[in-house]
Amino acid sequence: MDYQLLEEIGFSITEARVYLALLALKRGNVKAISEKCGSYRRNVYDALEKLKQKGFVTEVAEIGAKTFEATNPRQLLVYLKEKEDKVQKFLPELSREFDLEQ
């Protein structure tokens, strides 16, 4: 699956690969994710943390090792809508600055 679209909306390359690997795995530990996406485990840990913050990955409590699941891909639309809402709130201020310079 192509990860470039995910990059276009703000994912790093590693975040995109990790998210797509988790979608394919359904659930996995860092070792399995690392093997699936071809990234170093340290990079996978970092990407998982960022994806958790963005709401694209959840940590599943299991005995022994941390496991992770990807959230529903529809979360992408929620993520983009939140970004759009932030821009909409900031746009009047930006527009005032733009108008002052002309």
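Reply: Let's start with a term: two residues are in contact when they have heavy atoms within 4.5 Å. Keep in mind that this is a predicted model. By that rule, and leaving out residues up to four places away in sequence, Thr71 touches Tyr19, Leu23, Gly55, Phe56, Val57 and Thr58. Thr71 itself is in the loop between β2 (67–70) and α5 (75–100), and it counts as buried because its relative accessibility is 17%, under the 20% cut-off.

Two of those neighbours, Tyr19 and Phe56, bring us to the rings. The structure has five aromatic pairs. Take Phe11 and Phe56: their ring centres are 5.0 Å apart and their planes meet at 55°, so we call the pair tilted. Phe11 belongs to the loop between α1 (4–8) and α2, while Phe56 belongs to the loop between α4 (41–54) and β1 (57–60), so this pair ties together parts 45 residues apart in sequence. Phe11 is buried at 4% relative accessibility, and Phe56 is buried too, at 0%.

Phe56 also pairs with Tyr79, this time edge-to-face, with 5.1 Å from centre to centre and 70° between the planes. That pair links distant parts of the chain as well, since Tyr79 is in helix α5, 23 residues from Phe56. Tyr79 is buried, with 8% relative accessibility.

Notes. Residues are numbered from 1 along each chain as its sequence is written. This is a predicted model: local features need pLDDT of at least 70, side-chain atom pairs count only at pLDDT 80 or more; totals for chains, interfaces and linings use all residues. Side-chain values use heavy atoms; hydrogens and water are left out. Helices (H or I, at least four residues) and strands (E, at least two) are DSSP runs, numbered from the N terminus. Buried means under 20% relative accessible area, exposed over 50%, partly exposed in between (1.4 Å probe, protein chains only). Rings of Phe, Tyr and Trp (its six-membered ring) pair if their centres lie within 6.5 Å; planes under 30 degrees apart count as stacked, over 60 as edge-to-face and the rest as tilted.
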